[in-house]
Amino acid sequence: MNEPPRRRAPQAVLFMCGQNSVRSPMAAALLRQIGPRGLYVQSAGATHGEPNPFAVAVMEEIGIDISGHRPWTVDELESWEGFNFDLIITLAPQAHHRALEMTATLATEVEYWPTQDPVGTEGRRELQLDAYRATRDELMRKIRARFAPPSVANE
């Protein structure tokens with residue numbers, strides 16, 4: 001598995017995916033849970049999406065409530081609170097291209113973590129949930145590798 005490399009500790013992190021309805025809100029919630037105190041974490045999408053009940057369900061399984069998450073685009077985020085992130089982690093090709101365009105003249109680091117999108121998985125509800133769990137667990141491994149202290153990251 002390709003784990004992201006350890007780098008300097010950022011102060012403000014933005015997770016970006018396609019529609020801010022599954023991967024980026026899950027990643028943001030996970031980092032808020034295990035990340036260092038004082039780290040500002042936000043999520044946004046390249047385009048606008050809708051809340052995803054499967055994402056809510058699999059996060060609830062591990063005790064994290066994202067039911068109040070309302071997807072927004074990176075443009076809406078910028079209009080609402082400005083754009084002051086020192087690290088953007090993109091989880092989808094569309095988001096990565098958008099982040100590179102946005103940061104062409106900024107001192108913002110961009111990391112690309114290709115992450116499977118579970119949306120569109122067909123079959124029984126349990127098979128669909130398994131796809132979302134796999135995405136959640138993959139994000140948790142990557143977040144631990146990138147942000148957790150070495151003793152925690154190796155657990």
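**Exercise 1.** Find which residue caps the N-terminal end of helix H2.

*Solution.* Start at Asn52, which caps the N-terminal end of H2. Then take the atom pair: a side-chain oxygen of Asn52 lies 2.9 Å from the backbone nitrogen of Phe54. The model is a predicted one, where local features need pLDDT of at least 70, side-chain atom pairs count only at pLDDT 80 or more, and totals for chains, interfaces and linings use all residues. Residues are numbered from 1 along each chain as its sequence is written, and side-chain values use heavy atoms, with hydrogens and water left out. Just after H2, Gly63 has a positive phi of about 85°.

**Exercise 2.** Sort residues of H2 (residues 53-61) into buried and exposed.

*Solution.* Buried means under 20% relative accessible area and exposed over 50%, with partly exposed in between (1.4 Å probe, protein chains only).
- Buried: Phe54, Ala55, Val58 and Met59.

**Exercise 3.** Describe how H2 meets H5.

*Solution.* First, the partners: the buried residues of H2 pack against helix H1 (23-34) and helix H5 (125-147). Next, the geometry: the axes of H2 and H5 come within 9 Å and cross at roughly 65°. The two helices are therefore roughly perpendicular (65 to 115 degrees). Last, the residues: H2 contributes Phe54, Ala55, Ala57, Val58, Met59 and Glu61, and H5 contributes Arg125, Gln128, Leu129, Tyr132, Arg133 and Arg136, contact meaning heavy atoms within 4.5 Å.

Technical notes. Helix = DSSP H or I, 4+ residues; strand = E, 2+ residues; numbered from the N terminus. Polar contact = N/O pair within 3.5 Å; in protein donor to acceptor, adjacent residues only side chain to side chain. Axes fitted to C-alpha atoms, helices over the stretch in contact; angles between N-to-C directions. Parallel < 35°, antiparallel > 145°, perpendicular 65-115°, else oblique.
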